[in-house]
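Biologist: I'm new to reading structures. Could you take me through this one, step by step?
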Amino acid sequence: MIDFHCHLDLYRDAMNLLPMVASRNKFTLAVTTSPRAWAIARDKFAKYSNIKVALGLHPEIVQQKKNELDLLLRSIPTVNYIGEVGLDGSTQYRETFPLQEDIFSQILQECEANGGRIISIHSRCATQHVLRKIAKHVQNSIPVLHWFTGSEKEVLQAIDLGCWFSIGPAMLSSFSGRRTAGLVPLDRVLPETDGPFATKNSLPLMPWDVIEVYQFLGEKHRLNQDTIEEIIQNNLNRMERSILEKQTKF
Ligand code: MN
């Protein structure tokens, strides 16, 4: 199984969790919330080859972490995965929205200046703004919209822009989330948990709880679990191949 967006460094007892994550999941993308946290997790997680650490700066904390933007921008050449980055338009972060936009644009531009990266993107209450930034700045990068809550029209718009989607159990717990998840084409989807932030029955989701996503996709598309697993694995392989090709041509 694959968890394409979880905050592995933020679980209580994270280091003891790693061996189990590495053995139960085929691949786990550990997104980070700040560039310094990325540097620490990258070193600590290095011996697990199927756990990748993404370089991030979470939109909710841009005010506190803006002095780490330089570290992020100059580390982009050394990584394949960026995240969590993006925009949050909810009321409590409205004041920092201009700063979020500035930082997100700079990150997207620097990814392009390096031939493109795979980018896990937050878009809560800011789907249109995020899509506009992608349309403006992204050519080679592969944007992966995490926990996307856009309308049907926005899903189609995102597909046209080359976006992928990561969907998780928390998203599947609401009617509108299941609806959006059902609109996403099977060849553009990856499972995620967003744990430990995302919870189920007030417990943090664990990276292997992506099993629910596989089950949902199987039912939705009337395919058996083996086929779904194969499709998801092929998606990840195809995505990694595609970014490598773009970077080689660059
Ligand atoms: Mn997240």
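Biologist: Is Glu-68 buried, partly exposed or exposed?

Modeller: A quick note before that: this is a predicted model, where local features need pLDDT of at least 70 and side-chain atom pairs count only at pLDDT 80 or more, while totals for chains, interfaces and linings use all residues. Residues are numbered from 1 along each chain as its sequence is written, and side-chain values use heavy atoms, leaving out hydrogens and water. Buried means under 20% relative accessible area, exposed over 50%, and partly exposed in between, using a 1.4 Å probe and protein chains only. Glu-68 has 3% relative accessibility, so the class is buried.

Biologist: Which side chain does Glu-68 meet in a salt bridge?

Modeller: A salt bridge here is a side-chain nitrogen of Lys or Arg within 4 Å of a carboxyl oxygen of Asp or Glu. For Glu-68, the N to O distance is 3.9 Å, and the partner is Arg-36. The two sit 32 residues apart, with Glu-68 in the loop between helices H3 (62–65) and H4 (69–75), and Arg-36 in helix H2.

Biologist: How far apart in sequence are the parts tied together by Asp-88 and Arg-124?

Modeller: Asp-88 and Arg-124 form a salt bridge, their closest N and O atoms being 2.8 Å apart. Asp-88 is in the loop between strand S4 (81–86) and helix H5 (97–113), and Arg-124 is in the loop between strand S5 (118–122) and helix H6 (127–137), so the pair ties together parts separated by 36 residues.

Biologist: Which residues coordinate the manganese ion?

Modeller: Donors are N, O and S atoms within 2.8 Å of the metal (3.2 Å for Na, K and Ca), and with water not among the atoms, sites may look incomplete. Along the chain, the donors follow the spacing H-x1-H-x76-E-x109-D. At 2.2 to 2.3 Å, they are His-5 (NE2), His-7 (NE2), Glu-84 (OE) and Asp-194 (OD).

Biologist: Why do the buried residues of H1 line one face of the helix?

Modeller: Helices (H or I, at least four residues) and strands (E, at least two) are DSSP runs, numbered from the N terminus. In H1 (residues 14–24), Ala-14, Leu-17, Leu-18, Val-21 and Ala-22 are buried. Looking down the axis of H1, these buried residues line one face because the directions from the axis to their C-beta atoms fall within an arc of 135°.

Biologist: And which exposed residues does the face of H1 turned away from the buried side carry?

Modeller: Picture H1 from its other side. The exposed residues on that face are Asn-16 and Ser-23.
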